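Subject: Structure handover

Hello,

Please find the structure below. My notes on it come after.

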Amino acid sequence: MDDRVATGDLPEIDWDAQGIETELGWAVPLVLQEYVRLGSVAVADVPGGPRGYQVLVATTTEEASSQLLLANRLGIDKTQMTYVIDALEAGGFVERRPDPTDRRVRQVHPTDAGRALLSRTRRTLRAAEEVLMRHLEPDEQTTMRRLLARVALAAGAGTAGARGDDPAFEHPLAVPERSRRRTQTTTSSTSSTTPQ
């Protein structure tokens, strides 16, 4: 068996004992802490760090949108979003352009340099994620990603009851339809013309 996925060096969990290791509230923060440690190193070359990386992903995979919509979409405070986009723009990775339907609104677009940075960083981040999930088989890693995405979408939609009506709760918008793979038949007439 490949050392990358060997589980022999991990202690067995006694699920019947219902110890702390069986608690989601113990596991999720521990995994998040290690992900943040590994991921921060992986995205260190991106202006704005993890937030800058998220902006690059959103701007390269979704229809162009305003800075405010990006802030809401990613759950980033709008003031912080300004700093992130300023840093990305100063590095030549994104540019602000007038919205063709409302010249008062500025859309954020990736540049070729931004797409190249995203590609490099994504490879580095995936390698870091593989280190984190090294004790899982490749199909288990895929399953984990998909299950976590479903849980996140439900939480983002407020169905888990976590969001509530707290306006201070900065939560990313769960709108996976914005990230759908575009087909060649997609035209500009199918995109939203509502000012963002």
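Predicted model: local features only at pLDDT ≥ 70, side-chain atom pairs only at ≥ 80, totals over all residues.

Residues are numbered from 1 along each chain as its sequence is written, and side-chain values use heavy atoms, with hydrogens and water left out.

Fold. The protein chain has 6 helices and 3 strands (DSSP runs: H or I of at least four residues for helices, E of at least two for strands, numbered from the N terminus). Their order from the N terminus is α-α-β-α-α-β-β-α-α. Of the 196 residues, 26% count as buried (under 20% relative accessible area; exposed is over 50%, partly exposed in between; 1.4 Å probe, protein chains only).

Helix pair. The axes of α1 (24-42) and α5 (residues 112-132) come within 9 Å and cross at roughly 145° (axes are lines fitted to C-alpha atoms, for helices over the stretch in contact, with angles from 0 to 180 degrees between N-to-C directions). The contact (heavy atoms within 4.5 Å) involves, among others, Val 31, Glu 34 and Leu 38 of α1 and Thr 121, Leu 125 and Ala 128 of α5.

Covered helix. In α3 (residues 67-74), 6 of the 8 residues are buried: Gln 67, Leu 69, Leu 70, Ala 71, Arg 73 and Leu 74. These pack against α2 (49-61), β1 (65-66), α4 (78-90), β2 (94-99) and β3 (102-110). Just after α3, Gly 75 has a positive phi of about 70°.

Salt bridges. The count is 9, a salt bridge being a side-chain nitrogen of Lys or Arg within 4 Å of a carboxyl oxygen of Asp or Glu.

- Glu 62 and Arg 73 pair at 2.7 Å, N to O. Glu 62 is in the loop between α2 and β1 and Arg 73 in helix α3, 11 residues apart. Both residues are buried.
- Glu 34 and Arg 37 pair at 2.6 Å, N to O. Both lie in helix α1, 3 residues apart, about one turn of the helix. Glu 34 is partly exposed at 28% relative accessible area, and Arg 37 is partly exposed at 49%.
- Arg 96 and Glu 89 have their closest N and O atoms 2.5 Å apart. Glu 89 is partly exposed, at 30% relative accessibility. Asp 86, Glu 89 and Arg 96 are linked in a network of salt bridges.

Regards
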